[in-house]
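I want to go through this fold and note how its parts pack. The entries below follow the order in which I looked things up.

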Amino acid sequence: MILDNFKLDGKVAIITGSSTGLGQGMCIAMAEAGAAVVGVDYVDSPETKEIIEKAGGKFTSVVANLMSIEPIDGIVKTAVDTYGKLDILVNNAGIIRREDAVNFSEKDWDDVININQKTVFFFAQAAAKQFIAQGNGGKIINIASMLSFQGGIRVPSYTASKSAVKGLTMAMANEWAKHNINVNAIAPGYMATNNTTQLREDAERNAAILARIPAERWGLPADMMGPAIFLASSASDYVNGYTLAVDGGWLAR
C-alpha cells in the first residue's frame, strides 16, 4: 500500500532546534510516523518530550550549542548508542540577525554563518559517514528559506547562509546519492515562529507580507509536518538535491 511508504517505523532521526517552533513540529511528526527522535537544542526540550511520550513515542533530548561543530560527533554517537543506528537528519537549528547591510557587524555575520551554514554542512557530513558505515543509506533534510531564492531586507548573513544551504543540498546530493543517501531541503515561507516575532509585531511589514501570500496567512509548524515526513520516508527515494518551498504560494507571486 502506498501509505506504507510514508511510515517511519523503526527509523531513528536527529532533529536540531527541537524545543519550539518548526523543529518541535517536525519532531512530533516524525515520532507520530514511527521514528525514535533525538532532539537537539541549546536548551532542553521538555514540552516536545512530553507531547511525544504521552502519545507513546520515543524522544531523547540533547542539549548542545550548535554555534560550534564540536558537539556533532557526540550527538551522532548518542543517537547510535541509544537507538542502535541513525536513519534521518533534519538540520533545522538556525538564527537570524536583523540590521541594515551598511551597519552589519562581523559578529552578526559570523554567528549566523556558523550555525546556519557551517554546522549544517558538518552535521550532514557526520550523518553521511554514519549512513555509509551502516550500509543502508539515509535521509538528510536541510531547512532552507524563501531567502534561498530571494535577497531579503536587513538580513545579509541570513540570506547568504540560506542561499548556501540550497547550494550545499545539491552538492551533497550529487556525491552521496550513490550511497542511497537522499539530501533535500525544505524552504519554509513566512512562518509564525520565534525568528519572525519582530516582523509580525511590525504592523506595516506584517501587512505587506500577508498581502503577498496567496494563502493569506502565516505558516504554522503543522504545515511542515507532511513535507518533512515525505522527505524522510521511502516515498521520496528518487528525490535528490531538491529544495521544496512550503510557502503558501509566496514564490508563485
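**Helix on helix, then the sheet**

I began with the contact of α1 and α8: Leu22, Gly25, Met26, Ile28, Ala29 and Met30 of α1 meet Met224, Met225, Ala228, Ile229 and Ala232 of α8. I note that the model is a predicted one.

Next I looked up the geometry. Helix α1 covers residues 21-32 and α8 covers residues 222-232; they pack at an angle of about 55°, and their axes are 9 Å apart. That angle makes α1 oblique to α8. I recorded the crossing of α1 and α8 as right-handed.

**The sheet**

I then traced the strands. There are 7 in an open sheet, in the order β3-β2-β1-β4-β5-β6-β7, and the pairing is parallel. Which strands stand at the edges? They are β3 (58-63) and β7 (243-246); each has a single partner strand, so one side of each is left without a neighbour in the sheet. From one strand to the next, the twist averages 20°.

I checked the pairing of β7 with β6 (residues 181-188): the two run in the parallel sense over 4 bridges. Leu244 in β7 is the bridge partner of Ile186.

Helix α1 touches β1 (12-16), β2 (36-41), β3, β4 (88-91), β5 (138-143) and β6, and its direction makes about 170° with that of β1. Helix α8 touches β4, β5, β6 and β7, and its direction makes about 165° with that of β6.

I turned to α4 (residues 106-134) and α5 (residues 156-176), which pack at about 15° with their axes 9 Å apart. The two are therefore roughly parallel to each other. Their crossing is right-handed.

For the contact itself, I listed residues on each side. Those of α4 include Asp108, Trp109, Val112, Ile113 and Phe121, and those of α5 include Tyr158, Lys162, Val165, Leu168 and Trp176. The contact of α4 with α5 divides into 14 nonpolar, 5 polar and 2 charged residues.

**Aromatic pairs**

How many aromatic pairs does a search of the whole structure find? I got 4. One that I followed up is Tyr190 with Trp218: the ring centres are 5.8 Å apart and the planes are at 85°, so the pair is edge-to-face. Tyr190 lies in the loop between β6 and α6 (197-201), and Trp218 in the loop between α7 (203-212) and α8, so this pair ties together parts that are 28 residues apart in sequence.

Key: Residues numbered from 1 in each chain as written. Predicted model: local features only at pLDDT ≥ 70, side-chain atom pairs only at ≥ 80, totals over all residues. Heavy atoms only, no water. Axes fitted to C-alpha atoms, helices over the stretch in contact; angles between N-to-C directions. Parallel < 35°, antiparallel > 145°, perpendicular 65-115°, else oblique. Left-handed = near helix turned anticlockwise from the far one by under 90°. Contact = heavy atoms within 4.5 Å. Pairing = 2+ DSSP bridges. Phe/Tyr/Trp six-rings, centres within 6.5 Å; stacked < 30°, edge-to-face > 60°. Nonpolar A, V, L, I, M, F, W, Y, C, P; charged D, E, K, R; others polar.
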